[in-house]
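Me: I would like to go through this structure by question and answer, starting with the division into domains and then turning to the contact between the chains, single residues and confidence.

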Amino acid sequence: MLRYIALFLALAFPAHAEKIVADLSQNNVGISATFDGSNILIFGAVSRDAPIPDDGKTEIVLTVSGPDLPITVRRKDKKLGLIWVNSQKVLIDEAPSFYSISTTAPLTEILSDAEDLTYRVSIPRAIESIGAKIASEHNAEINTEEFTEALIRIRTNNNLYNIQEGAVKLLSSTLFSASIDLPSNLTAGEYTARILLTRNQQVIDQFETTIDIHKVGIERWLYTLAHENALYYGLMSLFIAIASGWLASAVFSYFKS
Amino acid sequence: MQIYLPIAEISVNAFLLLGLGGMVGILSGMFGVGGGFLMTPLLFFIGIPPAVAVATEANQIVASSFSGVLAHLKRKTVDLKMGLVLLFGGLIGAYLGIQLFNYLRSLGQVDLLVKLSYVVFLGIIGSMMFIESLRAVLKSKKGHAVPTRKKHNWIHNLPFKMKFRTSGLYISVIPPFIVGIFVGVLAAIMGVGGGFVMVPAMIYLLNMPTKVVIGTSLFQIIFVTAFTTMMHATTNFTVDIVLAVLLLVGGVVGAQIGTRIGLKMKAESLRILLAIMVLVVCGKLGLDLLIQPSELYSLGAGGH
């Protein structure tokens, strides 16, 4: 009887024969006045209740993504035959404000296209642009793909999107680690770290954890004040300006006399 | 030392900002201009979002013009009555300017508006100043006296006349009111005090005596930029106080150094230098509009 149950379990949950156990060096990143980027170390292991299957190599895909936000992409066109002016625009429903992929090998070799579609791993798939596609059906002049490519290009140049194939170190198909650089131009919010375990381009297990990135100290205080008590913030800005203008004048007239 | 700006949400080098503030401060001390028209484009160049640059610069100008007006009040070179008329126009202008700014921001054209305004006004003022000071230099070499201004023009035929004792003028309130509106609009959309437009307008259009012009213009600028700061802070949340303080510190020190350099130089050569500088900034911004940008696409926050 017990043998049947074991067999049933093995057949029913083959994917769960291997599980990812992982942790981060920090789940909490504070953006302080002197914030100049940060670095997160992600490490873990593949836990198995059976020997390593020999039908393919164990691979790891790691993604870290920032809060999804809608974004407007605008294109400049030459107007009046003279000046370059923003003209066409496309609304991207949701694009991660930060997205980083690290893998053990080239992404296309370790993840099938179908799995990429399901898990939304590669950069273009992580961007949601259904609305833009509908808009482009109404207006044949707009080529949505160009706008999405531009978004990816600009964010890649700003170090906000990147893919590092081979950056995850995997030891004996069991222990893995990777380090993710967070640039200084981060948007605060809840970030998600996701680890996919793949074999033969199929996802076997998924692990997810969150990283809380938020402004701290005076940065947080000023930002909150500026948005929630805009009137006081404006008055405070004016007060500081008037006070320093007066101080400057007083100090220099003291030195003159 | 990198410092993270809470509103602009980027990390910049604090010494770069202090240096920029100092450099513009030196120039503003040398030439007696506010320097907003130089600082705002410089902030664009180092990557501060234009909306934040414009709003923050307005706040910085409050400080520098307040510091300047105190000295003028001591010397009694502020025409308060004229200042109030200009101010009244200025507040209306600033209000209209902010509406225009927000409307174009929603269309994604605010960069174009700000840059075009810069190109047009810097171009006009720069070339006028260049020609005028070149003539002055040539004339002073030949030994001729500078011609006196016309004393009467169409402005003297307008209604609602008022006495401005400090300026020794009896003119209609309409021209200063319109100048005020115009400068207010500029202050709101360009993040400048507008001194570089108001000073020539006061001298050539209103025939105000040169000695009260700077003080009166500073007086008006304090209130218009303070109003602009409040409008930007409460409607757009784009005033970055950390950025403003860094620019302020550099600017105050630079202005004192600049004043001393300026005293050692000839007025005409100073004006030519200022004109060249204005034209260079104008040319750089103009080329950006004319030459095909290397990146045609830009990202705007939010959706609708």
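Me: Into which domains is chain A divided?
Reply: This is a predicted model, and what follows should be read with that in mind. The assignment for chain A gives two stretches, namely domain 1 (2-215) and domain 2 (216-257).

Me: Which elements give two or more residues to the side of domain 1 of chain A that touches domain 2 of chain A?
Reply: The contact joins 6 residues of domain 1 of chain A to 6 residues of domain 2 of chain A. By class, the domain 1 side has 2 nonpolar, 3 polar and 1 charged residues. The elements that contribute two or more residues to that side are strand 2 (28-31) and strand 12 (202-215) of chain A.

Me: Is G217(A) buried, partly exposed or exposed, and why?
Reply: G217(A) is placed in helix 7 (residues 217-228) of chain A, and, apart from neighbours within four places in sequence, it is in contact with S32(A) and A33(A). Its C-alpha is also 8.5 Å from that of I31(A), although G217(A) and I31(A) are 186 residues apart in sequence. Because a residue needs 20 or more other C-beta atoms within 10 Å to be buried and 12 or fewer to be exposed, and G217(A) has 13, the class of G217(A) is partly exposed.

Me: Which helix of chain B supplies the largest share of the side that touches chain A?
Reply: Between the chains, 45 residues of chain B are in contact with 46 residues of chain A. On the chain B side, the elements that each supply at least two residues include strand 1 (2-5), helix 8 (210-235), helix 9 (241-263) and helix 10 (267-290) of chain B. This side divides into 28 nonpolar, 16 polar and 1 charged residues. The largest share, 9 residues, comes from helix 3 of chain B.

Me: At what angle do helix 8 of chain A and helix 8 of chain B pack?
Reply: Two packed helices are described by the angle between their axes and by the distance between those axes. For helix 8 (residues 230-256) of chain A and helix 8 of chain B, the axes are 8 Å apart, and the angle is about 145°.

Me: Is the crossing of helix 8 of chain A and helix 8 of chain B left-handed or right-handed?
Reply: The residues that make this contact include Y233(A), G234(A) and L238(A) of helix 8 of chain A, together with A226(B), M230(B) and A233(B) of helix 8 of chain B. By class, the contact of the two helices has 7 nonpolar, 4 polar and no charged residues. The crossing of helix 8 of chain A and helix 8 of chain B is right-handed.

Me: Is S28(B) buried or exposed?
Reply: S28(B) lies in helix 1 (residues 14-31) of chain B, and its C-alpha is 9.3 Å from that of L38(B), which is 10 residues away in sequence. Since the cut-off for burial is 20 or more other C-beta atoms within 10 Å, and S28(B) has 25 such neighbours, S28(B) counts as buried.

Me: What is the phi of N159(A)?
Reply: Most residues other than glycine have a negative phi. N159(A), which is found in the loop between helix 6 (144-157) and strand 8 (161-165) of chain A, counts as partly exposed with 16 C-beta neighbours inside 10 Å. N159(A) is not a glycine, yet its phi is positive, at about 60°.

Me: Where does R120(A) lie?
Reply: R120(A) is a residue other than glycine with a positive phi, near 50°. With 16 C-beta neighbours inside 10 Å, R120(A) counts as partly exposed. Its place is the loop between helix 3 (113-119) and helix 4 (123-126) of chain A.

Me: What ipTM does the predictor give the complex?
Reply: Chain B averages a pLDDT of 80, with 91% of the residues scoring at least 70. For the complex, the predictor gives a pTM of 0.75 and an ipTM of 0.79.

Note on methods
Residues are numbered from 1 along each chain as its sequence is written. Chains are lettered from A and ligands numbered from 1 in the order in which they are written. This is a predicted model: local features need pLDDT of at least 70, side-chain atom pairs count only at pLDDT 80 or more; totals for chains, interfaces and linings use all residues. Domain bounds come from an automatic or database domain assignment. Two residues are in contact if their C-beta atoms, placed from the backbone, lie within 7 Å. Helices (H or I, at least four residues) and strands (E, at least two) are DSSP runs, numbered from the N terminus. Ala, Val, Leu, Ile, Met, Phe, Trp, Tyr, Cys and Pro count as nonpolar, Asp, Glu, Lys and Arg as charged, and the others, Gly among them, as polar. Axes are lines fitted to C-alpha atoms, for helices over the stretch in contact, and angles run from 0 to 180 degrees between N-to-C directions. A crossing is left-handed if the near helix is turned anticlockwise from the far one by less than a right angle, and right-handed if clockwise. pLDDT is the predictor's confidence in each residue, from 0 to 100.
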